[in-house]
Amino acid sequence: MANFIEDVSRTFGEYLLVPGLTTKECIPSNVSLKTPLVKHSKDATSLFELNIPFVSAIMQSVSGPDLAIELARNGGLSFIFGSQPVESQAEMVWKVKKFKAGFVISDSNLTPEHTLADVVKLVEETGHSTIGITDDGTSNGKLLGLVTSRDYRAEKDPADMKVKDFMTPFSKLIYADAGVSLSEANQILWKNKLNSLPIIDHNQNLVYFVFRKDYDSRRNNPEELSDDTKKLLVGAGINTRDYKERVPALVEAGVDVLCIDSSDGYSEWQKETIEWIKSNYDVPVGAGNIVDREGFEYLVNAGADFIKVGIGGGSICITREQKGIGRGQATALIDVAQARDDHYKKTGIYIPICSDGGIVHDYHMVLALSMGADFLMMGRYFARFDESPTKVLRIGNNYVKEYWGEGSNRAQNWQRYDMGDTASLKFEEGVDSYVPYAGKMKDNLAITLGKIKSTMCSCGTISIKELQKNAKVTLVSSTSIVEGGAHDVILKDQA
């Protein structure tokens with residue numbers, strides 16, 4: 001007979017926060033959302049601390065280099081998705097580590113031998129009107145010229161016309177040398193009435209672009225997550241199959257932290273992976289996913305630096321439906337948080353836990369933090385933004401972005417669901433879907449973080465540790481859930 005757990009498996013939507021005393025110091029500007037990313041001892045700080053408690057999910061439709069850059073500039077961290085060749089994932093990590101505010105690595109490049117048809121196709125694919133022409137067509141090849149929309153007429157010029165016949169050649173370009181400050185680069189832009197300024201090294205290789213259009217939109221990012229050399233922090237997802245090839249390449253590219261991406265973290269494969277990494281590299285590695293004390297303790301003993309909690313709660317995850325495996329996210333988080341606290345009291349080592357899945361409303365984020373999560377991993381939330389890798393589509397009268405699960409056949413990420421046998425996905429544990437398009441990340445983050453800080457103030461807390469210690473949480477009935485929304489009125493936009 002199976003072992004039965006008597007506790008009901010509950011979700012965030014079954015709880016509400018009860019207000020605490022809001023003192024005069026409980027104002028949003030006083031709230032700190034700093035939180036540890038990796039384990040640390042009682043008298044030390046974490047090697048890495050997040051400035052906001054958000055990390056992006058290890059998913060093809062979420063965590064590319066553009067989102068990683070923008071999230072790090074706003075205080076969070078991305079884990080570049082691992083369901084791709086080792087070389088391309090390492091290239092994405094490198095792109096984040098090489099980023100400098102205001103300096104853009106070109107991702108629209110061709111050679112002089114390409115044609116106008118190639119230019120038009122690239123513009124359609126990327127939306128970028130400035131194309132760097134290099135000897136090898138890469139972002140850091142020898143700069144030979146530029147192509148902008150002023151250099152050709154797509155509707156009149158022959159499609160097979162060579163780029164070398166209509167590009168602006170290097171001899172006529174205004175450029176700056178690597179090492180130029182952003183202020184100096186902007187002065188050159190404005191003095192010469194340029195839309196873009198290429199930055200080259202001593203071998204004439206393209207390094208960056210500085211764009212005039214970015215001048216007014218650039219903002220200070222006081223919460224930027226960077227190291228002592230001002231390089232942005234970035235993570236990467238790995239699996240338990242090819243880690244001996246993948247990890248060395250990621251470390252060489254400059255990755256700051258790794259995370260094993262799996263739907264079942266309570267496994268000997270994860271233990272072996274963690275132990276191999278720890279014996280060969282000095283890089284933190286998170287593990288998971290798990291939903292109870294036993295799974296937590298197993299991965300902690302294996303050497304994990306943080307633990308991911310959650311199985312089946314993601315908006316595109318159908319693991320529970322397919323396999324009957326999982327646990328309500330709130331119940332899982334409460335159980336693992338208690339195990340984490342017990343471990344801390346016993347050993348003096350604090351193991352951060354990451355809540356992965358189950359977030360529907362912004363207030364669920366505060367509930368997750370109050371229940372013991374140190375930070376949250378989210379996919380759907382970030383997939384909606386301009387910076388995610390997918391295109392904006394129009395479906396009917398709505399603008400959307402594609403969002404698919406790593407357990408879907410589209411992702412072809414069988415390693416995440418590997419049970420040690422053949423290299424294939426036996427059945428899907430994720431769906432292919434759309435999410436409403438929401439615009440720029442920064443604008444949306446400001447609203448979400450404002451809600452979190454305001455809610456924390458209503459709880460009488462101004463830090464995540466205070467929230468975890470002092471928050472009051474109550475179960476709610478189905479009737480009170482209805483009461484919590486607009487009711488017994490006719491909304492004007494529905495009249």
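Biologist: Which residue of strand 10 is the bridge partner of G145?
Modeller: In strand 10, G145 has P169 as its bridge partner. This is a predicted model, in which local features need pLDDT of at least 70 and side-chain atom pairs count only at pLDDT 80 or more, whereas totals for chains, interfaces and linings use all residues. Residues are numbered from 1 along each chain as its sequence is written, and side-chain values use heavy atoms, with hydrogens and water left out.

Biologist: Why is strand 9 called mostly covered?
Modeller: A residue is buried under 20% relative accessible area, exposed over 50% and partly exposed in between (1.4 Å probe, protein chains only). Four of the five residues of strand 9 are buried.

Biologist: How do you know which way the buried residues of helix 3 are turned?
Modeller: In helix 3 (residues 116-126), L116, V119 and L122 are buried. The arc is that of the directions from the helix axis to the C-beta atoms; seen down the axis, the buried residues of helix 3 fall within 120°, so they line one face. They pack against strand 7 (109-110), strand 8 (131-134) and strand 9 (143-147), contact meaning heavy atoms within 4.5 Å.

Biologist: What makes a set of residues the largest nonpolar core?
Modeller: A nonpolar core is a set of buried Ala, Val, Leu, Ile, Met, Phe, Trp, Tyr and Cys residues joined through side-chain atoms within 4.5 Å. The largest such core has 100 residues, and F54, F79 and L258 are among those with the most contacts inside it. Apart from it lies another core of twelve residues, including L116, L122, I133 and M161.

Biologist: In what order do the strands of the barrel close?
Modeller: Eight strands close in the order 5-6-14-15-16-17-19-20, with parallel pairing. From one strand to the next, the twist averages 25°. Angles run from 0 to 180 degrees between N-to-C directions, and axes are lines fitted to C-alpha atoms, for helices over the stretch in contact.

Conventions: Two strands pair if DSSP finds at least two bridges between them. Helices (H or I, at least four residues) and strands (E, at least two) are DSSP runs, numbered from the N terminus.
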